[in-house]
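Visitor: I am new to this structure. Please take me through one part of it, slowly and closely.

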Amino acid sequence: MIRLALSGLLAATALLTVAGSAPAQTRHDSNAPIDVSANAIELQDKQRRAVFTGGAVFRQATMTLNADRVTINYTGQVTEGSPQATRIDVAGNVVLTRPDQTARSRFAVYDVKARVVTMIGNVRLTQGANTLNGGRLSIDLDTGRATIDGSGVGGSGTPGAPVTQGNGRVTGRFSAPPRN
């Protein structure tokens, strides 16, 4: 098992703040160490990256990320015995879970420096009976703002700006409280 000291890896506390649908949540501990396991790892020191393949599992505090392949780009800096990550690319059967939330997609990118997570391709975000579907989910970990749009690729270059491609649509289903 490899431990990486990263701040804010995929801090999913922002996930269901989309449309204000989430109840108050405990804040994700983005300073907690990240434990990583996979069937195989390839270290590419000259390129400063590590590639985890075969059922990669990342755990940080109460958050878990599962995927087929994860590539971590890192600096030459070491903090508390662990390399500092700058960007994490995730591909294949991406599943991000927290105690009451699950997000699924084909791909994800976490820009550690910008503290932005982008999930791309058949995004499905659920909390209890509430579900949102779209092509791309972007989460700003500093502000907690999350946006979801119908596009799986491309963009206007403006963070959070909705982009649609091929008549992409965002869909959702929310539960209604029972009437007293």
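Guide: Start with Ile41, whose bridge partner in β4 is Phe52. This is a predicted model: local features need pLDDT of at least 70, side-chain atom pairs count only at pLDDT 80 or more, and totals for chains, interfaces and linings use all residues. Residues are numbered from 1 along each chain as its sequence is written, and side-chain values use heavy atoms, with hydrogens and water left out.

Now widen the view. Strand β3 covers residues 40-44 and strand β4 covers residues 49-60. Strands here are DSSP runs of E, at least two residues long, numbered from the N terminus. Two strands pair if DSSP finds at least two bridges between them. β3 and β4 run antiparallel, joined by five bridges.

The two strands form a hairpin, with four residues between them. Arg48 sits in that loop. Its phi is positive, near 55°, and Arg48 is not a glycine. Arg48 is partly exposed, at 44% relative accessibility. The scale is this: buried is under 20% relative accessible area, exposed is over 50%, and partly exposed lies in between (1.4 Å probe, protein chains only).

Go back to Phe52. Phe52 is buried, at 4% relative accessible area. Phe58 is buried too, at 2%. A search of the whole structure finds one aromatic pair. The ring centres of Phe52 and Phe58 are 5.9 Å apart and the planes stand at 75°, so the pair is edge-to-face. Rings of Phe, Tyr and Trp (its six-membered ring) pair if their centres lie within 6.5 Å; planes under 30 degrees apart are stacked, over 60 edge-to-face, and the rest tilted.
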